[in-house]
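Visitor: I would like to talk through the side-chain contacts in this structure. Could we begin once it is on display?
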Amino acid sequence: MDAYLEIRLRSDPEFMSTTLMNALFSKLHRGLVAHGGQNIGVSFPDVGKNSRSLGERLRLHGSKADLEQLMALNWMVGMQDHAMVSAIMEIPAHTKSRVVRRVQAKSNPERQRRRLISRKGISPEQAIQAIPDDAAEMLKLPYLVLASQSTGQQFRLFVEHLVVQERAVIGRFSTYGLSPTATVPWF
């Protein structure tokens, strides 16, 4: 990764910044799917200023050629009035690195019970004993609210920025621009 671009949300009296970031990220996801590559990562430079918000800036990291190809797809249609996009720039020298990954919560006890019943062949009563209603895991991470393309249902995509590290780790990114192991530059 030698390049990045930054997208900054504009203040809008009609829409909260979290709503705009959700819409921007949904469009980015579709753009990354259309791009087909697994070599563009994302970061949220303002994360941590508010524990549940990812902030008002989104950075895309990759090679200059990959970023140019992605932006040529016009995936930001409808967001031009709500966001400012920087030019593609070189990563500053001597930057540190950070893993930005998705964390999935085991938050629906009913779904877990159905899965347990189908896999283990146990009774519903046994499943309730094994997985009580208070077993839901509540994450205290910032998140985006997205809609599933297949079911249309909304879900939370929790994003965790791991500790800053000295060395970059090369790897693949998902169509959300996230990776459990690969790092993005952090500056």
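Visitor: Which kind of contact do the side chains of Glu166 and Lys96 form?
Guide: This is a predicted model, and in it Glu166 and Lys96 meet in a salt bridge, with an N to O distance of 2.4 Å.
Visitor: Where do Glu166 and Lys96 lie?
Guide: Glu166 is in the loop between β8 (154-161) and β9 (183-186), whereas Lys96 belongs to strand β6 (residues 96-103). The pair therefore links distant parts of the chain, 70 residues apart.
Visitor: Is Glu166 buried or exposed?
Guide: Glu166 is exposed, with a relative accessible area of 58%.
Visitor: Which residues are linked in a network of salt bridges?
Guide: The network consists of Glu6, Arg8, Asp46, Arg57 and Arg59.
Visitor: What is the distance between the closest N and O atoms of Arg57 and Asp46?
Guide: In the salt bridge of Arg57 with Asp46, those atoms are 2.8 Å apart. Arg57 lies in strand β3 (residues 57-62) and Asp46 in the loop between β2 (41-43) and β3, so the bridge ties together parts that are 11 residues apart in sequence.
Visitor: Are Arg57 and Asp46 buried or exposed?
Guide: Both Arg57 and Asp46 are buried.
Visitor: And which residue does Glu6 form a salt bridge with?
Guide: Glu6 pairs with Arg8, and their closest N and O atoms are 3.6 Å apart. Glu6 counts as buried because its relative accessible area is 13%, under the 20% limit. Arg8 is partly exposed, at 37% relative accessibility.
Visitor: Turning to the surface, which residues gather in a patch of positive charge?
Guide: The patch is formed by Arg111, Arg114, Arg115, Arg119 and Lys120.
Visitor: Where does Arg114 lie?
Guide: Arg114 is part of helix α3, which covers residues 109-120. With a relative accessible area of 49%, Arg114 is partly exposed.
Visitor: What about rings: how many aromatic pairs does the structure hold?
Guide: There are four aromatic pairs. One of them joins Phe25 and Tyr176: the ring centres are 6.3 Å apart and the planes are at 5°, so this pair is stacked.
Visitor: Which parts does the pair of Phe25 and Tyr176 tie together?
Guide: Phe25 is found in helix α1 (residues 17-35) and Tyr176 in the loop between β8 and β9, so the contact connects parts that are 151 residues apart in sequence.
Visitor: Is Phe25 buried or exposed?
Guide: Phe25 is buried, at 1% relative accessibility. Tyr176 is buried as well, with a relative accessible area of 16%.
Visitor: Which residues do ring pairs link into a cluster?
Guide: The cluster contains Phe25, Phe44 and Tyr176.
Visitor: One last topic: where is the place of Ser53?
Guide: Ser53 sits in the loop between β2 and β3. Ser53 is buried, its relative accessible area being 14%.
Visitor: What separates the C-alpha atoms of Ser53 and Val163?
Guide: The C-alpha atoms of Ser53 and Val163 are 18 Å apart, and the two residues are 110 residues apart along the chain.

How values were computed. Residues numbered from 1 in each chain as written. Predicted model: local features only at pLDDT ≥ 70, side-chain atom pairs only at ≥ 80, totals over all residues. Heavy atoms only, no water. Salt bridge = Lys/Arg side-chain N within 4 Å of Asp/Glu carboxyl O. Buried < 20%, exposed > 50% of the residue type's maximum accessible area, 1.4 Å probe, protein only. Helix = DSSP H or I, 4+ residues; strand = E, 2+ residues; numbered from the N terminus. Patch = residues over 30% accessible without salt bridge, like charges linked within 9 Å, V, L, I, M, F, W, Y side chains within 5 Å. Areas by Shrake-Rupley, 256 points an atom, 1.4 Å probe, with all protein chains shown as cover. Lys, Arg positive; Asp, Glu negative; His and termini not counted. Charge placed at Lys NZ, Arg CZ, Asp CG, Glu CD. Phe/Tyr/Trp six-rings, centres within 6.5 Å; stacked < 30°, edge-to-face > 60°.
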